[in-house]
Amino acid sequence: PVTKRLVVATVTAATTLSLAANMEIGDELHVIVYNNSASAINQPLPNTGNFKSLSGTSINIPAGNRVEINILCYATTSYLIRAV
């Protein structure tokens, strides 16, 4: 969803991240991804087309841990991705 500022997702495997609609310039979305599985997950990060990742093409999420993925719309249909 792009109508919320914070999205929390509990996963047991890597998943595709996508937007349901375009965001407005200056909008930011925080996605908390919690790995609820017994093993680490290598979560892909969008890094093609309108998406530019500042954190590479993926992030490792250890079992039972979480990461935050920030999506910032800096120009019309142009997004910066940062994972922490």
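Reader: Which backbone oxygen lies 2.6 Å from a polar atom of the side chain of serine 53?

Author: It is the backbone oxygen of glycine 56. Please bear in mind that this is a predicted model.

Reader: And which backbone nitrogen lies 3.0 Å from a polar atom of that serine 53 side chain?

Author: That nitrogen belongs to serine 55.

Reader: Is serine 53 buried or exposed?

Author: Serine 53 has a relative accessible area of 6%. Buried means under 20%, so serine 53 counts as buried.

Reader: Where is serine 53 found, and what is it in contact with beyond its neighbours in sequence?

Author: Serine 53 is part of strand S4. Leaving aside neighbours within four places in sequence, serine 53 is in contact with Leu45, Pro46, Asn47 and Ile81.

Reader: In what order do the strands of the open sheet run?

Author: The open sheet has 5 strands, in the order S1-S2-S6-S7-S4, and the pairing is mixed. S1 and strand S4 (51-53) are the edge strands, and each of them pairs on one side only. Ignoring direction, neighbouring strands of this sheet are turned by 20° against each other on average.

Reader: In what sense do S1 and S2 pair, and over how many bridges?

Author: S1 and S2 pair in the parallel sense, over 6 bridges. Within this part of the structure, valine 7 stands opposite valine 31 in S2.

Reader: Which residues does valine 31 touch?

Author: Not counting residues up to four places away in sequence, valine 31 touches Val7, Val67, Glu68, Ile69 and Ile71.

Reader: Turning to the largest nonpolar core, which of its residues touch the most other members?

Author: They are Val31, Val33, Ile69 and Ile71, out of 17 residues in that core. At least two residues of this core come from each of strand S1 (6-11), strand S2 (28-35), strand S5 (58-61), strand S6 (66-75) and strand S7 (78-83).

Reader: Which strand gives the most to this core?

Author: S6 gives the most, with 4 residues.

Reader: What is arginine 66 in contact with, its neighbours within four places in sequence aside?

Author: Arginine 66 is in contact with Ile32, Val33, Tyr34 and Ile61. Arginine 66 and tyrosine 34 are 32 residues apart in sequence, while their C-alpha atoms are 4.2 Å apart in space.

Reader: What about the protein chain as a whole: how many helices and strands are there?

Author: The protein chain has 0 helices and 7 strands. Read from the N terminus on, its elements run β-β-β-β-β-β-β.

Reader: What share of the residues counts as buried, and what share of the contacts joins residues 24 or more positions apart?

Author: Of the 84 residues, 31% count as buried. Among contacts in the protein chain with a separation of 6 or more, residues 24 or more positions apart account for 62%.

Reader: What is the radius of gyration, and what box do the C-alpha atoms fill?

Author: The radius of gyration of the protein chain is 12 Å. A compact globule with 84 residues would have a value near 12 Å, so the two agree. Taken along the principal axes, the C-alpha atoms fill a box of roughly 40 × 25 × 20 Å.

Technical notes. Residues numbered from 1 in each chain as written. Predicted model: local features only at pLDDT ≥ 70, side-chain atom pairs only at ≥ 80, totals over all residues. Heavy atoms only, no water. Core = buried A, V, L, I, M, F, W, Y, C linked by side-chain atoms within 4.5 Å. Buried < 20%, exposed > 50% of the residue type's maximum accessible area, 1.4 Å probe, protein only. Contact = heavy atoms within 4.5 Å. Pairing = 2+ DSSP bridges. Axes fitted to C-alpha atoms, helices over the stretch in contact; angles between N-to-C directions. Polar contact = N/O pair within 3.5 Å; in protein donor to acceptor, adjacent residues only side chain to side chain. Rg over C-alpha atoms; globule rule 2.2 N^0.38 Å.
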